[in-house]
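Student: I have a structure open and want to learn how to read it. Can we go through a few features together?

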Amino acid sequence: MNHRHGIVKKLSAPFYHLLLILVLLTPALTAYAAKLPDLGSSDLIAYNVEVEQDLGRAFNTALHTQYNLNYDPDVVTYIRKIGHEMASQTGESRQFKFYVIDDLSINAFAGPNGIIGIHTGLILAAKNEDELAAVIAHEIAHVTQNHLSRGHEVNSKQSNLNTIATLLAAALIGMYDSSAVYPTLLAGLSLDIEKQLKNSRLHESEADHIGIQFLSQSGYDPHAMGDFFARLAKKEQNNTFKTPEILRSHPVTERRIAESENRAQTLPARHPKQANNQFALIQLKLKTQGAQQSPPLLTQKNTPAIACYQKNLQALNTHNPLPLSDLTCLQTLVEQNPNHWLYTTLLLRTLVKHQINDPKIISTARHQADYLLDIYPNNTAVLLSYVNLLRHSNNTPKAIALLKTHTKSQRYRYLAYKKLSEIYANQQQTAEAHFFLALAQFNIGNIKRTQYLLKQAKITADRFLKQQIVRFEQENSKSLKTKKINNH
Ligand SMILES: [Zn+2]
C-alpha cells in the first residue's frame with residue numbers, strides 16, 4: 001500500500017490519472033471476465049454497494065455539470081413515467097434515475113447505480129412509445145444484471161470517484177474525444193476505454209432477454225425491441241446517416257435480433273396500452289426546441305388534437321398575439337381529457353406567456369392543476385407550470401407554499417428546488433435562495449457545492465432558517481461528510 005502511494009505521489013497529476021484509469025478499467029475487466037464461468041447470473045460478484053452509490057452520486061453530478069441535459073419538465077416527466085413503470089417490474093432495490101441528454105445522436109446508456117440516460121436523438125428516431133420503452137427496458141436490464149459495475153468494483157475504493165465518473169460519463173454519452181475536462185489525457189486512451197465499455201455479446205443478449213420481459217410485463221409490444229435495433233442496424237448498413245452511437249456500445253448482430261424475435265414470440269400478446277398521443281406530442285416538443293435538423297419523424301398522424309397542440313406550442317415562441325380559436329381548442333382538449341397532463345401544462349404556460357388574466361379562466365386552470373397534482377404527485381411538469389401560473393397571477397406566497405408541500409413527495413427534486421431558489425433570489429432573500437440551491441445540488445449528488453451553498457446560506461440566515469439548515473445537516477450528515485480519498 002505504502003509503496004504504491006509513494007509512486008503515485010511522485011507522478012505528475014496527469015500521469016496519476018492515467019494510472020488510475022488503467023488500474024480501474026483494464027485489470028478489473030479482464031481479471032473478472034476470466035474468472036466468471038457464466039455472465040448470466042447477476043449475483044456472482046459481491047460488488048460493494050456503497051462504492052456503487054458513491055460512484056452513482058459522482059456520475060449524477062458529472063451529468064448535470066458537464067453535459068447538456070434536457071430539463072424540459074414535460075420531456076423528463078414523460079420519460080421518467082415510462083422508466084419507473086418498467087423499473088417497478090424488476091424487484092430491484094436500487095433507485096433508478098432517468099435523465100434526458102440534449103443530443104441528437106441516437107444513444108442511450110446505463111451508468112452506475114441505476115442512472116439511465118436517453119438522448120433526444122433516440123426519442124426522435126423511435127417509431128412509437130413501444131420502441132422507446134424497449135430501449136429503456138434494455139438499459140434497465142443492463143443495470144439489474146450489474147453489467148457496468150462488474151468493471152469498476154475492485155479499485156474504485158481508493159480512487160478519485162469524480163474522475164472516474166467524469167470519464168464514464170464522457171464515454172457513455174459518446175463525447176469521449178471532445179471532453180473538455182481531460183482532453184490531452186484522454187486523446188491517447190480513448191480507443192481502449194471505448195472498447196472496455198462496449199458491452200459484450202453475452203451482455204447484450206442478456207439485456208435483450210431480461211429487458212423484453214420488463215417490456216412485456218409493462219404492457220408494451222415485446223417485438224418492439226428487435227424491430228428498433230434491427231432498423232437502426234439497417235440504417236447503419238445503408239449508410240443513411242452516421243452510425244447510431246448506441247450501436248457502438250450495444251453491438252447488434254443478426255443473431256441477437258433473431259433471438260429477440262423468438263423471445264417476443266413466446267411472450268403473451270400485447271395487452272394494448274391505452275390509446276395515447278403523448279409520444280407524438282413529446283416528439284413535436286423536441287422538434288420545436290431546435291431539433292429541426294434531425295431526420296423527419298416516422299410517426300405523425302395529424303389529428304385535430306395534435307394540430308391544436310402544435311399551434312399553441314409554436315405560439316409560445318412568438319411575440320404574436322394568440323388567436324382566440326387556438327386558446328379555445330386547447331381549453332376544450334383539457335376539458336375533454338382532464339388526465340392528459342400534457343394538455344394542461346401547455347394551457348398553463350399559454351396563459352402565462354400570453355398574459356391572459358381572465359379570473360374565470362385562471363380559476364378553472366388552477367382547479368385542473370390541483371386535480372392533476374392529486375392524482376400524479378410525482379409530476380414535476382404540472383407542479384412547475386402551476387407555480388409559474390401562480391406567480392403570473394401575483395400569488396408568490398402560494399407558489400412557494402405549493403413548491404414546499406409538493407417537492408418532498410417528488411422523486412426528482414432538482415428542478416423544484418432550483419425554482420424555489422430562483423423565487424427567493426427574486427425577492428432578495430439571499431439566505432433562502434442559497435439554502436434551496438444547496439438542496440438542489442444535494443439532489444444531484446454535488447456534495448462540495450452543497451457544502452459551499454449551506455455555508456453561504458448561514459451567513460445571513462435568520463434563526464428559523466438556521467434551524468432548518470442544521471436539521472438538514474444532521475439528517476444527511478453521512479452523505480455530507482467529505483470522503484478522505486487519496487489523501488496523501
Ligand atoms: Zn446493450
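Student: Which residue stands opposite Tyr99 in β3?

Tutor: Start with the general idea. Strands of a sheet pair through backbone hydrogen bonds, either parallel or antiparallel. In this predicted model, Tyr99 faces Gly117 of β3. The two strands, β1 and β3 (residues 115-119), run parallel and share 5 bridges.

Student: In what order do the 3 strands of the open sheet lie?

Tutor: The order is β1-β3-β2, with mixed pairing. On average, neighbouring strands are turned by 15 degrees against each other, ignoring direction. Helix α4 (residues 73-87) packs on this sheet and touches β1 and β3. Its direction makes about 140 degrees with that of β1.

Student: How do β2 and β3 run, parallel or antiparallel?

Tutor: Antiparallel, joined by 3 bridges. Here Ala110 stands opposite Ile116 in β3.

Student: Why is β1 described as largely enclosed?

Tutor: Count its buried residues. In β1 (residues 97-101), 5 of the 5 are buried, so the rest of the structure largely encloses the strand. Lys97, Tyr99 and Ile101 point one way, Phe98 and Val100 the other, and all are buried.

Student: How should I read a helix?

Tutor: An α-helix has 3.6 residues a turn, so residues three or four places apart point the same way. Take α11 (residues 201-217). Its 17 residues reach 24 Å from first C-alpha to last, close to the 24 Å expected. Buried residues in α11 include His203, Ala207, Ile210 and Phe214.

Student: What follows α11?

Tutor: Gly219, with a positive phi near 85 degrees.

Note on methods. Residues are numbered from 1 along each chain as its sequence is written. This is a predicted model: local features need pLDDT of at least 70, side-chain atom pairs count only at pLDDT 80 or more; totals for chains, interfaces and linings use all residues. A residue is buried if 20 or more other C-beta atoms lie within 10 Å of its own, exposed if 12 or fewer, and partly exposed in between; C-beta atoms are placed from the backbone. Helices (H or I, at least four residues) and strands (E, at least two) are DSSP runs, numbered from the N terminus. Two strands pair if DSSP finds at least two bridges between them. The expected span of a helix is 1.5 Å times one less than its number of residues. Axes are lines fitted to C-alpha atoms, for helices over the stretch in contact, and angles run from 0 to 180 degrees between N-to-C directions. Two residues are in contact if their C-beta atoms, placed from the backbone, lie within 7 Å.
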